[in-house]
Amino acid sequence: MAPFEFRTVNRIVCESGSSIRMAELLLPLLTLNNLKSARIFMLVDPFISGTTAFKTICENLSAAGHAVHTCNDVEPDPPEALVHRVTALAMEFKADVVVAIGGGSTLDVAKLIAILARGKQELKTMYGVGNVNSDRLPLVLVPTTAGTGSEVTPISIVTTGVDTKMGVVSPVLYGDLAVLDADWTLSLPQHVTAATGIDAMVHAIEAYTSKRLKNPYADFLACEALRLLAANLHTVCREPGNREARQAMMLGSCMAGQAFANAPVGAVHALAYPIGGIFHVPHGLSNSLVLPHVLRFNLPAAEQQYAELAKVLNLGQTGDTAAQLAQAFIDCTATLSPSTGLPVGLRDVGITEKDLPLMASAAMLQTRLLSNNPREVSEADALAIYQAAY
């Protein structure tokens, strides 16, 4: 067995409705940091800030003796300016703890705020892998979608230009507590439920087939995540109020996040980034548009692994060869978007054929991701994949 290291957050709470008990959940973390009462900076999605549940959380925290400042200045694909603006608010408030409730973008920003509010390092020096040299404030992350896995990853993605994104990757970004509360997902529109669910499945698939840092712990988590997500994706789309299925999706998303935090994702994400960065297509949908086409490209290098994932999903027939199982797995991924009502082709999200070369060129900049892919991807390969997805 090859040597490996596995990291994740310190504590996970998986329970529907649990975030209402935030004051109670915070106690061990506050004790660890010698805080009897705290100044809690709450970063939340704009919709979340107006909900009864969130107001109850804030009232409970105040009743427990904590000072609470709410900020809902977040948006998808957060730009650098937003990160700087929110950091200034957290520093002005003199925050002791950062709590984030929201989608992947909100959690990504919160992870950066927890570091930047210390005032020891500038954002521009943190981009890349392993470049954070500051400590951070205590950090609690509560996802409101079952998709990004950001609550258990050491990664934050920032929009650095009109159509470019950069990542900060460091163990310092792992939170202290992740709260998996499916009640936040009950009101999500179907297209968001579907896209984020497929995003989580991509995390599991790419972690399992990662060329770098693949390891037994990540493999186990990826397989169990994929099983949970595949078993419940269509249920939560048909029955949005099904709490049991929603909670299973939250756990699957979290496990997939733990997997790819340690065995990083590859070309699906690399090719999805230009779709989101240039055309502002949501991240999960961007992944779903290229997923089966990247898997077909990877097949010569990942046939055995795709065959193993087919068995996780009980695909194929007794006696099928690895080639047959791998093909069954790829065919299954191709049904996810149409069966959940998502767009299937790049043309369906406003991309034209003349845009494809620009996207292929932009995808080549994602070297951090492409280095993990089981098969090397050239610019010509990327263009061919986009053409197949068009």
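I sorted the lining of the second largest pocket by residue type: eight nonpolar, six polar and three charged. Gly counts as polar here, Pro as nonpolar. The model is predicted; local features need pLDDT of at least 70, side-chain atom pairs 80 or more, while totals for chains, interfaces and linings use all residues. Numbering runs from 1 along each chain, and side-chain values use heavy atoms, without hydrogens or water.

I then looked up the pocket's volume: about 340 Å³. A pocket is an open set of points on a 1 Å grid, fitting a 1.4 Å probe, with protein on both sides within 12 Å along at least five of seven lines; lining residues have an atom within 4 Å of a point. Of 17 lining residues, Lys 165, Met 166, Tyr 273, Leu 365 and Gln 366 are closest to the centre. Helix α9 gives the most, four residues. Helices are DSSP runs of H or I, at least four residues.

Next, Asn 372. I found Asn 372 in the loop between α13 and α14. Asn 372 counts as buried because its relative accessibility is 2%, under the 20% limit (1.4 Å probe, protein chains only). Its side chain makes a polar contact with that of Arg 212 at 2.7 Å; the term needs an N or O pair within 3.5 Å, one able to donate a hydrogen and the other to accept it. Beyond four places in sequence, Asn 372 also touches residues including Thr 209, Pro 264 and Gly 266 (heavy atoms within 4.5 Å).

Conventions: Grid points are joined across faces, edges and corners, and a volume is the space filled by probe spheres set on the points. Helices (H or I, at least four residues) and strands (E, at least two) are DSSP runs, numbered from the N terminus. Buried means under 20% relative accessible area, exposed over 50%, partly exposed in between (1.4 Å probe, protein chains only).
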